[in-house]
Amino acid sequence: MPLLPLAALFGVITFVCSLFPLVHAFRRSLGTGMMVLLVPFYLPVYAFSQFEHSRKNFILAGFFGSTALTAVFLGLGAHALEQVMMRSPSGF
């Protein structure tokens, strides 16, 4: 079950990478910041269309790559945990 800590690690990376566009949006205006924060899937739209940063490519690659890896490791870790929980006790 070492996959669940990896999922948590990539989840933290996703969170940190999502803070950059979020802070940028709130500095732009309160309405834009609230949309990025509350409207589902507006963060990627904003990140590609209006987000300006010198490391934009690395931030977006970290965000999308870590999001995908988090989903994969969560799925694999949950499946492995389910398999461990479904094993019948061998001593009974």
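## A nonpolar core and the helices around it

The largest nonpolar core here has 10 residues: C17, L22, A25, V36, Y42, L43, Y46, F51, I59 and F63. A core of this kind is a set of buried Ala, Val, Leu, Ile, Met, Phe, Trp, Tyr and Cys residues joined through side-chain atoms within 4.5 Å. The elements giving two or more residues to this core are α1, α3 and α4 (56–86). Helices (H or I, at least four residues) are DSSP runs numbered from the N terminus, and strands (E, at least two) are handled likewise.

A word on the model: it is predicted, so local features need pLDDT of at least 70 and side-chain atom pairs count only at pLDDT 80 or more, while totals for chains, interfaces and linings use all residues. Residues are numbered from 1 along each chain as its sequence is written, and side-chain values use heavy atoms, with hydrogens and water left out.

F63 touches T14, C17, S18 and L43, setting aside residues up to four places away in sequence; contact means heavy atoms within 4.5 Å. S18 counts as buried because its relative accessible area is 14%; the cut-offs are under 20% for buried, over 50% for exposed and partly exposed in between, with a 1.4 Å probe and protein chains only.

Now for α2 and α3. The axes of helix α2 (residues 30–38) and helix α3 (residues 42–49) come within 7 Å and cross at roughly 130°. That makes α2 oblique to α3. Angles under 35 degrees count as roughly parallel, over 145 as roughly antiparallel, 65 to 115 as roughly perpendicular and the rest as oblique. The axes are lines fitted to C-alpha atoms, for helices over the stretch in contact, and the angles run from 0 to 180 degrees between N-to-C directions. On the α2 side T32, M35 and V36 do the touching, and they meet Y42, L43 and Y46 in α3. This contact divides into 5 nonpolar residues, 1 polar and no charged. Nonpolar covers Ala, Val, Leu, Ile, Met, Phe, Trp, Tyr, Cys and Pro, charged covers Asp, Glu, Lys and Arg, and the others, Gly among them, are polar.

F41 lies in the loop between α2 and α3. Its phi is near 65°, a positive value in a residue other than glycine. Most residues other than glycine have a negative phi. F41 is exposed, with a relative accessible area of 72%.

K56 is found in helix α4 and is buried, at a relative accessible area of 19%. Beyond its neighbours within four places in sequence, K56 is in contact with A47, F48 and F51. F48, in helix α3, is exposed at 55% relative accessible area, and its contacts beyond four places in sequence are K56, L60 and F64. A71 lies in helix α4 and is exposed, with a relative accessible area of 52%.

Some C-alpha pairs that are separated along the chain:

| Pair | Apart in sequence | C-alpha to C-alpha |
|---|---|---|
| K56 and C17 | 39 residues | 9.9 Å |
| A71 and F10 | 61 residues | 9.2 Å |
| F48 and L60 | 12 residues | 8.4 Å |

Finally, the record: an unreviewed UniProt entry places "transmembrane region" at residues 6–23, 30–47 and 59–81. Residues 6–23 are 100% helix and 0% strand, with end C-alpha atoms 26 Å apart.

Definitions and conventions:
UniProt positions renumbered as here; feature names shortened; annotations may be inferred.
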